[in-house]
Amino acid sequence: MPTHARTFLVAIVALFALRAETCAERAEPRGEGAAAGATAEQMADHFDEGLAIRDALIEGDLDAARRRARSLVERKPEALPAQAAGYVAEFRAAAQAVWEAPDRGTLARAVGRLAASCGACHRGSNVHVEFEPPAPPPADPGVAGHMWRHLWAADRLWEGLVGPSDEAWTRGTAALADAALRPEVLSPDIPVYPRIEALAHRVHALAEEGSTAGDTRARIDVYAGLLATCARCHGLLAE
Ligand code: HEC
Ligand code: HEC
């Protein structure tokens, strides 16, 4: 494995481990609604598992995403309010689709569907999940700085689908647009550079598409396209 790829992998693995341990950069979600029975603990758990699946995909580790989804499917659901129970089937079907996804594109789409299935149940249960996002990382011309803003934006888009929250969604697309990767900051001497450059443009195009995507279906498409692009570029760099 070339050195740049190894450095990259070490950085990204360390990063996600750090996030999992401290949750320092994560929004603290709060649910508000009349639904009794679905414990906040179960939701915190869903939230963590969902994020872990998504993070594995961003990293480009499809197998880890599938493994996590499988454990979500195999977990016995706890008691939920009657009106929420009907949504469990779609939630589980989406997790199953992640588990069984044959390729990156299908997997990304299933992750989008999973996030939207959280949002559908919340809406159907009259639960409004609020997110208080951490401050966005400062604009920074380097690659790592761009990436931290990408990740911050991806977190907001996830919240936009899970909430569901228009506000979170808009925060995410706005941050992505202003944090568009400038390919020239990537080192042009690496062999995969031309393909990477195209992917950097794709992120920007998706941010624009996302800013006008009003309904859930369109947002799932944008979100899936975005995650697949993160995964594709990171995957190329690790080759
Ligand atoms: C089958 C219905 C259903 C599904 C599916 C579902 N939720 Fe929830 N969620 C609820 C209900 C009901 C509440 C309100 C719980 C309460 O107020 O005690 C809630 C509350 C929450 C909260 C706020 C918890 C708190 O601290 O008050 C978060 C965060 C959350 N859900 C995340 C998720 C995520 C992420 C997913 C998908 C990976 C998901 N939920 C899927 C029904 C669902
Ligand atoms: C055009 C290629 C490309 C795309 C697309 C891309 N990344 Fe990256 N990413 C990189 C490179 C290159 C690095 C390594 C940076 C470094 O050396 O620190 C990286 C590293 C990261 C890191 C680790 C940052 C650190 O401190 O080292 C995170 C987090 C990250 N990317 C998130 C994302 C997210 C989220 C997306 C999708 C919204 C995304 N990336 C899309 C190229 C890309």
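Modeller: A word on terms: helices (H or I, at least four residues) and strands (E, at least two) are DSSP runs, numbered from the N terminus. Please also keep in mind that this is a predicted model.

Biologist: How many helices and strands does the protein have?
Modeller: The count is nine helices and two strands. Along the sequence they are arranged as α-β-α-α-α-α-β-α-α-α-α.

Biologist: And what share of the residues is buried?
Modeller: Of the 239 residues in the protein, 37% are buried. As for contacts with a separation of 6 or more, 71% of them join residues 24 or more positions apart.

Biologist: Let us take one pair of helices. At what angle do α3 and α4 cross?
Modeller: The axes of α3 (residues 62-74) and α4 (residues 82-100) cross at roughly 150° and come within 7 Å. Angles over 145 degrees count as roughly antiparallel, so α3 is roughly antiparallel to α4.

Biologist: Is that crossing left-handed or right-handed?
Modeller: The crossing of α3 and α4 is left-handed.

Biologist: Which residues make the contact?
Modeller: On the α3 side they are A65, R66, A69, R70, L72 and V73, and α4 contributes R92, A95, Q96, V98 and W99. Sorted by class, this contact of α3 with α4 comprises seven nonpolar, three charged and one polar residue.

Biologist: Moving on to α6: is it mostly covered or mostly open?
Modeller: Helix α6 is mostly covered, as 15 of its 20 residues are buried. From first C-alpha to last, α6 reaches 28 Å, close to the 28 Å expected at 1.5 Å a residue.

Biologist: What about N126; what is its phi?
Modeller: Phi of N126 is near 60°, a positive value in a residue other than glycine. In general, most residues other than glycine have a negative phi.

Biologist: Where does N126 lie, and why is it classed as partly exposed?
Modeller: N126 lies in the loop between α5 (104-124) and β2 (128-132). A residue is buried with 20 or more other C-beta atoms within 10 Å and exposed with 12 or fewer. N126 has 13 other C-beta atoms within 10 Å, and is therefore partly exposed.

Terms used:
Residues are numbered from 1 along each chain as its sequence is written. Chains are lettered from A and ligands numbered from 1 in the order in which they are written. This is a predicted model: local features need pLDDT of at least 70, side-chain atom pairs count only at pLDDT 80 or more; totals for chains, interfaces and linings use all residues. Axes are lines fitted to C-alpha atoms, for helices over the stretch in contact, and angles run from 0 to 180 degrees between N-to-C directions. Angles under 35 degrees count as roughly parallel, over 145 as roughly antiparallel, 65 to 115 as roughly perpendicular and the rest as oblique. A crossing is left-handed if the near helix is turned anticlockwise from the far one by less than a right angle, and right-handed if clockwise. Two residues are in contact if their C-beta atoms, placed from the backbone, lie within 7 Å. Ala, Val, Leu, Ile, Met, Phe, Trp, Tyr, Cys and Pro count as nonpolar, Asp, Glu, Lys and Arg as charged, and the others, Gly among them, as polar. The expected span of a helix is 1.5 Å times one less than its number of residues.
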